[in-house]
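Let's walk through a protein model together, one piece at a time.

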Amino acid sequence: MSTEGVEVRRSRRRRRTVSAYRDGDRTIVLIPASFSAAEEDRWVERMLTRLAAGERRRQSSDEALTARAARLSRRHLGGHARPASVRWVSTMGRRWASCTPAEGTIRVSDRLRDVPDSVLDYVLLHELAHLLVAGHGPAFWRLLAGYPHLERARGFLDGLAHAEGLAPPGEADDPVDGGPEEAPGEPVVVSAETEGVAGG
Ligand SMILES: [Zn+2]
């Protein structure tokens, strides 16, 4: 495995935890200051493998989400909404999803991974419709009027927000994507406890 672009940082505060994340085209691996050179090599390789596996999983689930959005666009929006990318994200704050029409990107909170299909479809359709119409006026809701599970899906999301203690954002005009959003792009970090793991 190539270690090009890998930066290893030793930390005196770390005793036995190793972490790794991507930062642009670099990969940062944080290890305890006490590690020998051999331990460093072993753990860098292990963490690179783990990061790559996580990225492959994430990519394939994003591809499934993108394909699902394309089907919904064809079925309910005449195929007019054509997102450039549809991704799961973990940094959504109180929102369930967001859309950046200028870039054609749609992001869906991974808190929705386990909701019923009809609810996820509603959220995807909602964001797809924003590629065509901004805001939540009558023209927007006309686009969604053909979706048969609209009211049930909205009710489900209200209940889920309530159950998770997420009050609907006060200044929002719609609970799906109207509230404040946390900064995107938080790095994926993989961490491992080094004790109790066979030396390898
Ligand atoms: Zn919206």
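Which residue in E3 is the bridge partner of Ala 20? It is Val 29. Before going further, keep in mind that this is a predicted model, in which local features need pLDDT of at least 70 and side-chain atom pairs count only at pLDDT 80 or more, while totals for chains, interfaces and linings use all residues. Residues are numbered from 1 along each chain as its sequence is written.

Now for the overall plan. The protein chain contains 4 helices and 7 strands; here helices (H or I, at least four residues) and strands (E, at least two) are DSSP runs, numbered from the N terminus.

Strand E2 (residues 17-23) pairs with E3 in the antiparallel sense over 5 bridges, where two strands count as paired if DSSP finds at least two bridges between them. E2 and E3 make a hairpin with 2 residues between them, and Gly 24 in the turn has a positive phi of about 65°. Strand E3 (residues 26-32) is also joined to strand E1 (residues 6-11), this time by 6 bridges and in parallel. Within that pairing, Arg 10 has Ile 31 of E3 as its bridge partner.

Further along there is an open sheet of 3 strands, in the order E4-E6-E5, with mixed pairing. Strand E4 (85-89) and E5 each have a single partner strand and stand at the edges, so one side of each is left without a neighbour in the sheet. From one strand to the next, the twist averages 15°. E5 and E6 run antiparallel and are joined by 4 bridges; one example is Ala 97, whose bridge partner in E6 is Val 108.

Helices lie across these strands. H1 lies across E4 and E6 and runs at about 130° to E4, whereas H2 lies across E5 and E6 and runs at about 20° to E5. Axes here are lines fitted to C-alpha atoms, for helices over the stretch in contact, and angles run from 0 to 180 degrees between N-to-C directions.

H2 also meets another helix: the axes of H2 and H4 come within 9 Å and cross at roughly 95°. That makes H2 roughly perpendicular to H4, a term used for angles of 65 to 115 degrees. Among the residues making this contact are Tyr 122 of H2 and Phe 156 of H4; two residues are in contact if their C-beta atoms, placed from the backbone, lie within 7 Å.

What sits inside? The largest nonpolar core has 24 residues, and Ala 69, Val 123, Leu 124 and Leu 128 have the most contacts inside it. Such a core is a set of buried Ala, Val, Leu, Ile, Met, Phe, Trp, Tyr and Cys residues joined through C-beta atoms within 7 Å, and a residue is buried if 20 or more other C-beta atoms lie within 10 Å of its own. H1, E5, E6, H2 and H4 each supply at least two residues of this core, and H2 gives the most, with 8 residues. Leaving aside neighbours within four places in sequence, Ala 69 is in contact with Pro 83, Val 86, Ile 106, Leu 124 and Leu 128. Buried residues make up 22% of the 200 residues in the protein chain.

Notes
A residue is buried if 20 or more other C-beta atoms lie within 10 Å of its own, exposed if 12 or fewer, and partly exposed in between; C-beta atoms are placed from the backbone. Angles under 35 degrees count as roughly parallel, over 145 as roughly antiparallel, 65 to 115 as roughly perpendicular and the rest as oblique.
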